[in-house]
Amino acid sequence: MTNVADAIVSDQPDSFAWGVWNKRHPVLIKQIQEAFPYPAEARGNLDALLKETLSGTIQRLPVDAHDYALWEEWDRGWYGGSWLSAPFLWAESFFYRRLLEAVGYFRPGAWRGIDLFGPAKRAELDTQAVETELAALDDVAGLGLAEQRRALLLAALWGNRADLGFRITAAAEGPATDLVADDSGLIWSLLDTAEDPVVHLVTDNSGRELLADLILVDHLLATGAAARVVMHLKPQPYYVSDATGADVLDVLRRITRAPGTAAKTGQRLWAALADGTISLRTHAFWCAPLSFRHLPADLAADLAPATLTILKGDLNHRRLVGDRAWPPTTQFAELTAYFPSPVATLRTLKSDVAVGLTPPTVARLDATGTAWRTSGEYALIQVRR
Ligand SMILES: O=P(O)(O)OC[C@@]1(O)O[C@H](CO)[C@@H](O)[C@@H]1O
């Protein structure tokens with residue numbers, strides 16, 4: 001059994017995690033302040049939160065917060081310490097909860113329930129890139145099954161690059177270059193050999209990524225690769241652009257509004273939601289600061305019967321394998337053996353965690369002399385059956 005590696009923390013000034021706090025978050029907070037005419041109190045709270053993360057100590061939620069007890073349960077002894085010395089995963093997750101607190105997202109009043117990332121998520125659906133992607137479905141429809149599967153799986157995978165938080169610090173989008181692991185054959189063999197395949201899809205970002213996810217879901221259902229799909233969504237705005245139930249509706253409307261194949265796809269998705277072939281679920285644990293080793297019993301029981309659970313994105317990958325400084329050749333199957341169902345991860349590499357790579361792949365990536373773990377230029381499809 002592999003030794004447990006150290007948790008990733010944010011206190012090294014040349015590290016990716018340090019940059020998230022010191023470079024990404026100040027821009028993020030400014031963007032939120034510019035996107036909404038929040039009252040002075042909320043603006044001050046946002047400034048104070050940023051200051052606390054950079055030079056203060058981690059303060060608990062107010063005791064009257066509706067989820068105070070939950071955050072006590074998720075406490076691992078980091079309150080009162082420095083944000084940068086706590087595990088990156090724990091601290092970053094709590095930061096997003098504190099952002100919601102700062103703007104009164106859960107508090108009575110006019111700002112209750114207003115998604116602080118909503119304007120950016122919606123703007124993405126109005127771009128030419130989305131228009132082009134939807135029009136391309138007409139061409140995909142003319143391909144054979146194997147090519148369709150490849151095209152739609154890769155669209156869902158690379159859609160993960162479209163994460164709005166990532167774009168705050170990443171260079172402008174270049175060509176999607178490289179898959180560093182590709183177990184996609186296992187996805188299809190698992191689904192094709194199952195009696196009544198049920199796929200659980202744990203979503204990541206809204207916008208272009210969710211659009212590609214929904215199109216993949218439609219394809220799985222339309223071709224019989226899945227008899228039913230359960231989509232798991234965040235219960236609240238999180239890690240900038242993560243998808244909520246409201247985002248599914250926005251993206252679905254966008255697909256249905258397009259001409260040609262896309263409109264038909266949108267109509268099928270709408271009907272599948274209405275008749276329960278697709279169900280939407282959410283759970284507080286999707287916004288928890290812990291790895292999936294700590295899945296609560298009800299969520300583990302929900303996932304256990306899945307033919308396959310597909311996890312989207314960087315954060316879900318971090319939570320699946322553990323946000324730790326693993327040697328990159330650590331076996332993926334070993335680290336994920338605990339997960340309650342067969343599991344696939346579709347992830348572009350946007351943080352330091354890397355596992356399940358072959359020694360030649362690691363040597364090739366290291367030889368590029370680039371920040372291959374965090375640049376978003378590489379991606380992987382890893383599966384444990
Ligand atoms: O889960 P996602 O949307 O693919 O990525 C989340 C992300 O942008 O946030 C973290 C840094 O803030 C990194 O783990 C990763 O780059």
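Me: In which sense do strand E6 (residues 343-348) and strand E7 (residues 378-384) pair, and over how many bridges?
Reply: The model is predicted. In it, E6 and E7 run in the antiparallel sense and are joined over 6 bridges.

Me: What is the order of the 7 strands in the open sheet?
Reply: A sheet is read from one side to the other, strand by strand. Here the order is E1-E7-E6-E5-E2-E3-E4, and the pairing is mixed. An edge strand pairs on one side only; strand E1 (178-182) and strand E4 (278-282) are the edge strands in this sheet. With direction ignored, neighbouring strands are turned against each other by 15 degrees on average.

Me: At what angle do helix H6 (residues 128-140) and helix H10 (residues 207-222) pack, and how far apart are their axes?
Reply: The packing of two helices is read from the angle and the separation of their axes. For H6 and H10 the angle is about 10 degrees, and the axes are 11 Å apart. Angles under 35 degrees count as roughly parallel, so H6 is roughly parallel to H10. On the H6 side the contact is made by Ala129, Val130, Glu133 and Leu137, and on the H10 side by Arg208, Leu211 and Ile215. By class, this contact of H6 with H10 has 5 nonpolar and 2 charged residues, with no polar ones.

Me: Are H6 and helix H12 roughly parallel or roughly perpendicular to each other?
Reply: H6 and H12 (residues 261-274) pack at an angle of about 95 degrees, with their axes 7 Å apart. The range from 65 to 115 degrees counts as roughly perpendicular, and H6 and H12 are therefore roughly perpendicular to each other. Leu134, Leu137 and Asp138 of H6 meet Thr261, Ala262 and Thr265 of H12 in this contact. The classes are 3 nonpolar, 2 polar and 1 charged.

Me: Which domains does the domain assignment give, and how far apart do their C-alpha centres lie?
Reply: The domain assignment of the protein gives domain 1 (16-116) and domain 2 (124-384). Their C-alpha centres lie 26 Å apart. Contacts across the boundary involve 18 residues of domain 1 and 18 residues of domain 2.

Me: Which of the 15 residues around the ligand come nearest?
Reply: The nearest here are Gly313, Asp314, Leu315, Lys350 and Ser351. Helix H8 (164-169) and helix H14 (313-321) each supply at least two residues of the shell. H14 gives the most, with 4 residues.

Me: How many nonpolar, polar and charged residues does the shell around the ligand have?
Reply: The shell has 4 nonpolar, 5 polar and 6 charged residues. For the side of domain 1 that touches domain 2, the division was 13 nonpolar, 2 polar and 3 charged.

Methods. Residues are numbered from 1 along each chain as its sequence is written. This is a predicted model: local features need pLDDT of at least 70, side-chain atom pairs count only at pLDDT 80 or more; totals for chains, interfaces and linings use all residues. A residue is near a molecule or strand if its C-beta atom, placed from the backbone, lies within 6 Å of it. Ala, Val, Leu, Ile, Met, Phe, Trp, Tyr, Cys and Pro count as nonpolar, Asp, Glu, Lys and Arg as charged, and the others, Gly among them, as polar. Domain bounds come from an automatic or database domain assignment. Two residues are in contact if their C-beta atoms, placed from the backbone, lie within 7 Å. Two strands pair if DSSP finds at least two bridges between them. Axes are lines fitted to C-alpha atoms, for helices over the stretch in contact, and angles run from 0 to 180 degrees between N-to-C directions. Angles under 35 degrees count as roughly parallel, over 145 as roughly antiparallel, 65 to 115 as roughly perpendicular and the rest as oblique.
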